[in-house]
Amino acid sequence: MNFYADEEGYFGEFGGAYVPEMLFPAIESLRTSYLAVSKTSEFERELRELLRDYVGRPSPLYWSPRLSERYGCELFLKREDLNHTGSHKINNVLGQVLVARALGRKRIIAETGAGQHGVATATACARFGLPCVVYMGAVDVERQSPNVRKMRMLGATVVPVTSGSQTLKDATNEAIRDWIANPNDTHYIIGSAVGPHPFPSMVAQFQSIISDELRDQLLSQVGRSAPDWIIACVGGGSNAIGIFYHFLDNAEVKLVGVEAAGDGVHSGRSAATLALGSPGVLHGSKTIVMQDSGGQVLEAHSISAGLDYPGIGPQHAHLSVSGRVRYEQVTDREALEAAVRLARYDGIIPALESAHAFAWLERRQIPAGAVVVVNCSGDGEKDMATYLSFVEQGGGSAIE
Ligand SMILES: *Cc1c(COP(=O)(O)O)cnc(C)c1O
């Protein structure tokens with residue numbers, strides 16, 4: 001079974017590039033050049049130095065003594081929350097900014113949900129002196145105000161999007177509209193492993209640094225280069241594909257992607273795309289989409305802005321259908337409890353997105369003694385208001 005893209009950007013039946021004609025040239029130049037550009041030794045050296053000296057990589061692999069005891073396994077956290085700007089998003093953004101520069105693009109646009117991708121993009125644009133416009137749903141502008149302030153501080157223009165559900169899907173539509181209007185001078189930095197080919201493969205390549213480091217760290221910390229289990233949350237799927245990447249062909253490694261069930265998978269308020277969706281085209285690729293019987297894309301709901309998306313990257317759609325990765329769903333409440341638990345057990349406050357991955361551990365499906373890695377994709381500072389109101393209402397009080 002092949003888990004990577006073919007020439008046309010298909011992962012099994014999913015993927016491809018479904019874009020308006022106006023975007024053909026921009027997508028085509030990206031498709032034909034990004035691999036060649038990103039494989040030059042000059043590019044590799046510059047990216048490696050940025051990831052080391054600017055982002056702070058490698059991100060630590062941290063063994064949690066108390067969670068290991070709770071779950072009866074050897075539990076490790078891959079600490080993407082410690083990256084500059086507080087999440088894994090910067091890994092992809094720096095790679096794409098270098099690609100944009102090599103292609104002579106002078107202006108950067110992006111969409112953002114939680115604001116993490118917007119902050120990472122605004123940061124990289126400041127570093128390279130590039131103008132930056134970030135599209136963000138008006139609802140997300142409201143609930144993620146610390147990140148909006150950071151983007152403005154960094155010199156980016158934040159455009160609130162008031163169409164549709166005023167969240168990530170609508171911000172993405174607006175960014176695509178901008179790119180169609182400015183295809184020659186602008187590069188659109190997509191923030192997840194979604195979109196038309198070559199974006200899903202390019203984003204996966206830049207995020208694969210996570211599993212690349214993980215192999216070396218496991219070897220030196222536990223004496224073997226592969227874990228038994230890897231758990232990651234899935235919005236569009238970039239942190240998950242990054243930590244799965246180098247283990248996809250090793251069937252011994254069990255991979256779990258955790259989607260946001262919101263109020264519950266069948267509550268009508270969830271973002272559980274793989275549980276509820278069906279094949280369709282969204283944001284330039286064929287994938288699995290939450291849609292009604294008429295093909296209308298449904299609104300997603302999750303307490304976590306970064307997982308509040310009615311689609312998923314095409315590679316994950318394929319990994320799901322092929323059975324290579326198990327996708328499971330946890331609710332808002334389970335995620336909030338898991339965030340409080342991690343704070344109390346390890347003194348680490350995770351992003352709400354990452355908290356979904358930790359919440360899955362409570363399902364107790366891990367056999368005793370297994371080596372388990374959870375991707376701690378981001379830092380919880382942006383979610384402090386949500387956490388505090390949960391705790392003030394008695395949430396997490398049962399955590400011993
Ligand atoms: C954006 C974000 C996610 C979700 O995006 P993926 O592309 O699925 O990784 C998860 N965690 C954090 C911290 C994020 O900022």
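In which sense, left-handed or right-handed, does H2 pass H5? The crossing of H2 and H5 is right-handed, a term for the near helix being turned clockwise from the far one by less than a right angle, with anticlockwise giving left-handed. This is a predicted model, in which local features need pLDDT of at least 70, side-chain atom pairs count only at pLDDT 80 or more, and totals for chains, interfaces and linings use all residues. Residues are numbered from 1 along each chain as its sequence is written, and side-chain values use heavy atoms, with hydrogens and water left out.

Helices (H or I, at least four residues) and strands (E, at least two) are DSSP runs, numbered from the N terminus. H2 (residues 41-55) packs against H5 (residues 116-128) at about 115°, with the axes 14 Å apart; axes are lines fitted to C-alpha atoms, for helices over the stretch in contact, and angles run from 0 to 180 degrees between N-to-C directions. Glu46, Leu50 and Tyr54 of H2 meet Thr123, Arg127 and Phe128 of H5, contact being heavy atoms within 4.5 Å.

An open sheet of 6 strands runs in the order E3-E4-E14-E9-E10-E13, with mixed pairing; two strands pair if DSSP finds at least two bridges between them. E3 (61-63) and E13 (325-331) are the edge strands, each with a single partner, so one side of each has no neighbour in the sheet. E4 (residues 74-79) pairs with E14 (residues 371-376) in the parallel sense over 6 bridges.

Helix H9 (residues 199-207) is largely enclosed by the rest of the structure, because 9 of its 9 residues are buried (under 20% relative accessible area, 1.4 Å probe, protein chains only).

Conventions
Buried < 20%, exposed > 50% of the residue type's maximum accessible area, 1.4 Å probe, protein only.
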